[in-house]
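Good morning, and thank you for joining. Today I would like to walk through the side-chain contacts of one structure. Please have the sequence and the model in view.

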Amino acid sequence: LSAESQKTYGGPLYHDLQHSISDKFDDYILQIEEIEDATDEEVKELFQRLQLGTALNTPEKLNAIGGGLRDFLRTLSQHDFFKQKVAAQDTRYAHLDTCAKVVFLMLKGIQPRMRFAELEKMFRENISFSPTSTVGKKMKSVFDSMNRIFPTRKGSLRNRASIVSFCYIVSRLHETGQLRTMENKLQDFLENFSSNLRAEVEKGQ
């Protein structure tokens with residue numbers, strides 16, 4: 001309440017208010033809009049538009065798109081790798097965003113841009129995405145491998161960009177058939193890479 005409203009309404013409970021004041025509450029008309037015969041896609045689009053007052057971030061917008069790819073990535077974002085090894089918190093669909101960027105790299109390769117517009121296009125192009133597709137199986141295999149490579153929760157898995165980069169490296173090794181033979185060496189490599197990167201960033205500061 002504003003300071004002026006507090007002087008008038010502040011303090012008493014509803015049943016203690018004077019009738020002249022409680023009548024104002026009773027007479028207030030709430031506006032309710034009922035949506036009928038809308039598709040799931042239309043409801044999700046409306047949800048996005050209504051949220052513009054408190055802007056959605058990219059992962060939340062992607063989650064609102066729906067479809068086969070969204071459903072698959074939401075399931076994948078609950079993988080044991082995220083639950084037990086990743087230090088980053090899954091706030092506002094952060095792990096969904098990580099999975100989306102990994103699959104984007106698998107489908108499109110390294111691109112100059114990987115922002116909402118590009119990710120949204122990928123989600124809409126894969127509304128009928130199947131978990132049993134080649135890419136679906138590969139994604140599952142990559143996170144299974146990441147779960148084996150890192151036996152415990154690691155600080156190097158706190159940064160979302162680093163996790164995406166590590167997963168992409170693993171996916172490339174998967175493609176060449178070298179992944180299984182190199183899994184034991186990858187943890188040290190990725191840990192050293194992360195440490196060296198932090199050192200270089202600190203020098204820049």
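This is a predicted model: local features need pLDDT of at least 70, side-chain atom pairs count only at pLDDT 80 or more; totals for chains, interfaces and linings use all residues.

Where do Arg 172 and Glu 175 lie, and how many residues apart are they? Both belong to helix H10, which covers residues 160-176, and they are three residues apart, about one turn of the helix.

Let me continue with the salt bridges. The count for the model comes to twelve. One of them brings together the side chains of Lys 108 and Glu 125, at 3.2 Å from N to O. Lys 108 is in helix H7 (residues 94-108) and Glu 125 is in helix H8, so this pair ties together parts that are 17 residues apart in sequence. Lys 108 is partly exposed, with 36% relative accessibility, and Glu 125 is partly exposed with a relative accessible area of 45%.

A further salt bridge connects Glu 183 and Arg 148, whose closest N and O atoms are 2.8 Å apart. Here the partners sit in helix H11 (residues 179-204) for Glu 183 and helix H9 for Arg 148, so parts 35 residues apart in sequence are tied together. Why does Glu 183 count as buried? Its relative accessible area is 9%, and buried means under 20%. Arg 148, in contrast, counts as partly exposed at 40% relative accessibility.

I turn now to the aromatic side chains. How many aromatic pairs does a search of the whole structure find? The search finds seven. In one of these, the ring centres of Phe 72 and Phe 129 are 5.2 Å apart and the planes stand at 40°, so the pair is tilted. This pair links distant parts of the chain, 57 residues apart: Phe 72 is in helix H5 (residues 68-76), while Phe 129 is in the loop between helix H8 (116-125) and helix H9 (134-149). Are these two residues buried or exposed? Phe 72 and Phe 129 are both buried.

Phe 81 is buried, at 0% relative accessibility, and Phe 82 is buried with a relative accessible area of 3%. Ring pairs also link Phe 150, Phe 166, Phe 189 and Phe 193 into a cluster.

A ring can also be found facing a charge. Lys 61 lies over the face of Phe 116, at 5.2 Å from the ring centre.

Finally, a remark on Thr 8. This residue is placed in helix H1 (residues 3-9) and is partly exposed, at 44% relative accessibility. How far apart are Thr 8 and Ser 130 in sequence and in space? They are separated by 122 residues in sequence and by 60 Å in space, taken from C-alpha to C-alpha.

That concludes the presentation, and I thank you for your attention.

Methods
Residues are numbered from 1 along each chain as its sequence is written. Side-chain values use heavy atoms; hydrogens and water are left out. Rings of Phe, Tyr and Trp (its six-membered ring) pair if their centres lie within 6.5 Å; planes under 30 degrees apart count as stacked, over 60 as edge-to-face and the rest as tilted. Helices (H or I, at least four residues) and strands (E, at least two) are DSSP runs, numbered from the N terminus. Buried means under 20% relative accessible area, exposed over 50%, partly exposed in between (1.4 Å probe, protein chains only). A charge sits over a ring if NZ of Lys or CZ of Arg is within 6 Å of the ring centre and within 35 degrees of the ring normal. A salt bridge is a side-chain nitrogen of Lys or Arg within 4 Å of a carboxyl oxygen of Asp or Glu.
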